[in-house]
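Here is a short briefing to read alongside the structure. Take a moment to look it over, then follow the points below.

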Amino acid sequence: MKSLALLANPTRCARLAAKLTPFAALGATVTFVWGLALALFASPADYQQGETVRIMYVHVPAAWTGMMIYGAMALAAGISLVTRAAIMDIICVAAAPVGATFVALCLATGCLWGKPTWGAWWVWDARLTSVLILFLLYCGYMALRNAFDDETQGAKAGAWLLLAGAINLPIIKFSVDWWNTLHQPTSVLRSAGSAIAPAMLRPLLVMALAFTLYAAWLVMLRVQTIVARRRMEKTMLNARA
Amino acid sequence: MAPPRNEDKRHAREGGHPSHAASAPADAANKSTIEQMELDARLRRHDKENNCISLLRHDLAQHLRRPAEGAALILFFLIVVLILPFAIGPDPDLLRRLAPGLIWIAALLMNLLALDRLFVQDERDGTLDLLLLSPIPLPLLISSKLLAQTLAILAALIPITAIAGAMLNMSPQVLPILLLSLAIGIPSLVMLGGLLSAITATLRRNPALLTALLIPMAIPILIFAAGACDAAAMGTSPMPPLLLLAALLSFLLPTAPFAIAAVLRQR
């Protein structure tokens, strides 16, 4: 508990992030090379979709990572509202563009995959639409966070928005599920066992690990940058005063 | 500007100098002081049980006192409905199919424009600071404001929806379901909008940002309302989507006022 409380200090947290960053970078590089080798060469083509199935190894991990980052941001927002620790806000600010980029990557690869398999770049389907809404929530958070000049006020407003979005996210997901569906249902994590062939599941999971480590790497880098920038701004203000 | 005002608020809360509570321009401060005195006088006149009713009456009077704003909103709704046939063509069958959705979009936009009345105007003229200092529980004050806003919007919407429906050639069996979906959906929309406008209340006027934040969150309401109207048009039961709308409302009803109160207090 005590060591956790110590980490609430942004400078200490940035120092820890600086120590962990090389490991995340190394892990991401190794898993990317391994995962891409598996995905591009060592896994079979689909009997129906042919080679286009390989888009899945980027598409699905990007979607998982994008959702996971939003979940982590909402958790950090909840903690920041309770404890008022500045580091939680810094983590949210650092993670938002990373998460938005992963969701955008998921949407873009989804379009590329949809064209050959469904015959359309975009369809108004439940899964596509709810991911698009997730992307809009990320954009809304970043726009709101940028609109405040005062960091503490912006932190509180942003945290409340993230929490409201987190409550709304499952509602959006289920409401669009009842609305219109073309995207395939859950096939990896389900109670009846995975419906995906083991030869395709392994590269998928390795790529998911690679994406997660890559996201962690980027977020830790951004945390260091933001902490450094805020400290610099404070010193410049002090020097001027 | 923010730090000195917060300090004032703290002084006032400690009972130091209540007269310093609002550092807004003098006439705005005067206006809000008069409003507050009026509210206090009304509250004293009534028993404790009647407090809620007088609160609501006060908030409704705020809407009735500015009829021009309400008329402008109604006009806005009608104009949105009016331009749609120009944009998509006057084919009666097409309009009949699109009518419920078009009316819901017009209602959504009208609701967005009306959000200014909830907290932004109060924030600007300093009334909000007085409300925060009031002995009445803040969630109760907020619930009253939200209810007054909902009633005002619904009172305007229900008659003009009937007119707009007739203009768009909507089938008569859809109209009661559309009105019902508005009656259940608009309160949720007002509460969501209230939460987001409380979050953005301290910002300079930025309606685009509020729109960008609210519309994604309003999508479930729109989906269920459209589902109910579709079911009515097809002749199947509109109950499942309406019940989901009601479920959304019954989730927001006990949570939204407390969330808004927490946002306004943490400003």
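In chain B, residues 24 or more positions apart make up 76% of the contacts with a separation of 6 or more; two residues are in contact if their C-beta atoms, placed from the backbone, lie within 7 Å. This is a predicted model, in which local features need pLDDT of at least 70, side-chain atom pairs count only at pLDDT 80 or more, and totals for chains, interfaces and linings use all residues. Residues are numbered from 1 along each chain as its sequence is written, while chains are lettered from A and ligands numbered from 1 in the order in which they are written.

**Fold of chain B**
- Chain B has eleven helices and zero strands, where helices (H or I, at least four residues) and strands (E, at least two) are DSSP runs numbered from the N terminus.
- Of its 267 residues, 39% count as buried, meaning that 20 or more other C-beta atoms lie within 10 Å of the residue's own, with C-beta atoms placed from the backbone.

**Where chain B touches chain A**
- The contact involves 18 residues of chain B and 21 residues of chain A.
- Helices H9 (175-199), H10 (207-234) and H11 (239-266) of chain B each give two or more residues to this side, and H10(B) gives the most, with nine.

**Confidence**
- The model scores ipTM 0.80 and pTM 0.81.
- Chain B has a mean pLDDT of 82, and 84% of its residues reach 70 or more; pLDDT is the predictor's confidence in each residue, from 0 to 100.
- Among the elements of chain B, H9(B) has the highest mean pLDDT (94) and helix H1 (residues 2-13) the lowest (44).
- Where pLDDT is low, the predicted coordinates should not be read in detail.

Key:
A residue is buried if 20 or more other C-beta atoms lie within 10 Å of its own, exposed if 12 or fewer, and partly exposed in between; C-beta atoms are placed from the backbone.
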